[in-house]
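User: Please take a close look at one helix and what surrounds it. I would like a single connected account.

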Amino acid sequence: MSGLRTLPVPDGLDGMRVDAGLSKLLGLSRTIVAGLAESGDVVLDGTPAGKSDRLVAGAWLEVTLPPAEQPLEVVAVPVEGLRILHQDDDIVVVDKPIGVAVHPSPGWEGPTVVGGLAAAGVRIATSGASERQGVVHRLDAGTTGVMVVAKSEHAYSTLKRAFKERTVDKRYHALVQGHPDPSRGTIDAPIDRHPRHDYKFAVVAGGKPSITHYETVEAFRAASLVDVKLETGRTHQIRVHFAAVRHPCVGDLTYGADPVLARRVGLSRQWLHARSLGFEHPSDGRWVSFDSDYPADLAHAVDVLRDADG
C-alpha cells in the first residue's frame, strides 16, 4: 500500500480531524497518520495539512504512504514465568507474567505469549493474522494474569464469538487509590483514544460504549482492593474508568496515580491482575473457569498496606 494516493475527501469525513479521518479512510493508526502529516506527506488542495486540521468534503487529498511493513513473525523464545494452567486439544490457558505482550506488534521487542507457547511446543490455531494466530483476547504487557489461547480452529471461532457476545466471565482485581463511592457500583462511560496523547485512552463523548462493574473486597487507609467484572473489553478500560472517577490504579503513573504511594508499596507498574476467566468449553459447552494468584510484586503491595493499617 506504499506510494501516492490521490482522491477527493469523502462526504462522510467532512469536518473530521486529519488524523482521525485518514485513519478511518486508509486503515492506518492515528499515530502513523500524524507522522505522515508532520513530515508533509498529507496535502489538501495543494497545501500541507497538520494532524489537527479539519477535512473538507470534496477537497483534493494527496497522501504519500510509507513502504509496506514486512509481516510480523512469531519467534519461538521461552518466556520466564509463563505458566500453563490447563491444556487440552482445543485450548491452552496460561498465567501471563509482567512485561510480556500477547503477540508481536510494531515496536515491541520483548517476549510474547505466542512465542513462549511455540517454544514450549504448543501448537495453536492458525486462524487470525500471522503474528496473533489463536489469540482470542489480550492483556496489556503490564497486566498479569489468566488468559486463554485457542489451539483448534473450532475453538478459535467459538471463543471469538463468546468474547464478542460477552458470554465470557472476565474477573480482574485492581488496587485503586482512595475509596470508591459507592463501594459497589458500575462505571458506564464511553472510551476512545485520548484527544492529545495517542498512547493513552480516555473517557470521550462519542467514544465506544464501555461498562465496568466493581465491588470493594478490602479497604485500606490509602487504597481499596476491588473485584472488577468487565461487560465490555476496551483497551485500558479498567485503568481509564477508575482514573476518570479519580481512583486510578495504584502505580499507574500513566493515568494519574500518586508516585509517592507507588514507591511506598514498591510498585513500578499498575496494580491490575486478571484474576479469573470463565467460559463455555468449545468442545462440549461445559462451563470451565481458571484462576491466577497475585504475582509477588502485587502481593507485596497489599501486604505493605495491611501492615500500615495494622
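Analyst: Buried means under 20% relative accessible area, with exposed over 50% and partly exposed in between (1.4 Å probe, protein chains only). Helices (H or I, at least four residues) and strands (E, at least two) are DSSP runs, numbered from the N terminus. This is a predicted model: local features need pLDDT of at least 70, side-chain atom pairs count only at pLDDT 80 or more, and totals for chains, interfaces and linings use all residues. Residues are numbered from 1 along each chain as its sequence is written, and side-chain values use heavy atoms, leaving out hydrogens and water.

Now to helix α2, residues 30-38. Its buried residues are Arg-30, Val-33, Ala-34, Leu-36 and Ala-37. Seen down the axis of α2, they fall within an arc of 160° (directions from the helix axis to the C-beta atoms), so they line one face of the helix. The cover over these buried residues includes α1 (18-26), β2 (42-44), β4 (60-65) and β10 (191-193); contact here means heavy atoms within 4.5 Å. Gly-40 follows α2, with a positive phi near 80°.

Next, the sheet. Two strands pair if DSSP finds at least two bridges between them. Four strands form an open, antiparallel sheet, ordered β1-β4-β2-β3. β1 (3-8) and β3 (47-48) stand at the edges with a single partner strand each, so one side of each lacks a neighbour in the sheet. β2 and β3 run antiparallel, joined by two bridges. Val-43 has Pro-48 in β3 as its bridge partner.

Back to α1. This helix lies across β1, β2 and β4. It runs at about 75° to β4, where axes are lines fitted to C-alpha atoms, for helices over the stretch in contact, and angles run from 0 to 180 degrees between N-to-C directions.
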